Amino acid sequence: PAARFQALYFGRDPKSDVRFDAEIDNVVSRSHAVIEWHEREDGGRDYMLTDLLSSNGTWLDGQRVEGTVPLRNGAELMLG
């Protein structure tokens, strides 16, 4: 459950929260991207996606992510 984390790290590194296979997913960097969230005063959460200077990029709804961008419900995320 995501509630036990403050962030989810994506990549091929064995320490990543969401790990990709180094042999199959070679377009995913070792440390590729992270989703972080923060609790709002109204009880909701704000989610942010950050590309971690990956080699092949992080894409959100067809647009390459530069730096940190907000996430919305139903967004399509692609790594590499």
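This is a predicted model: local features need pLDDT of at least 70, side-chain atom pairs count only at pLDDT 80 or more; totals for chains, interfaces and linings use all residues.
View 1. Among the side chains, 9 are positive and 14 are negative. The centres of these two sets are 4 Å apart.

**View 2. Overall dimensions of the chain.** Along the principal axes, the C-alpha atoms fill a box of roughly 45 × 25 × 20 Å. Of the 80 residues, 28% count as buried. Among contacts with a separation of 6 or more, 27% are between residues 24 or more positions apart.

**View 3. Secondary structure elements.** The chain contains eight strands and zero helices. From the N terminus on, the order of elements is β-β-β-β-β-β-β-β.

**View 4. Strand β1 and its cover.** Strand β1 spans residues 7-11 and is mostly covered. Four of its five residues are buried, that is, under 20% relative accessible area. In a regular strand, side chains alternate between the two faces of the sheet.

**View 5. Pairing of β1 with β3.** Strand β3 covers residues 33-39 and runs antiparallel to β1. Four bridges join the two strands. Leu-8 stands opposite Ile-35 of β3.

**View 6. Pairing of β1 with β2.** Strand β2 consists of residues 18-19 and runs parallel to β1. Two bridges join β1 and β2. Phe-10 has Val-18 in β2 as its bridge partner.

Technical notes:
Residues are numbered from 1 along each chain as its sequence is written. Side-chain values use heavy atoms; hydrogens and water are left out. Buried means under 20% relative accessible area, exposed over 50%, partly exposed in between (1.4 Å probe, protein chains only). Contact means heavy atoms within 4.5 Å. Lys and Arg count as positive and Asp and Glu as negative; His and the chain ends are not counted. The place of a charge is taken as NZ of Lys, CZ of Arg, CG of Asp or CD of Glu. Two strands pair if DSSP finds at least two bridges between them.
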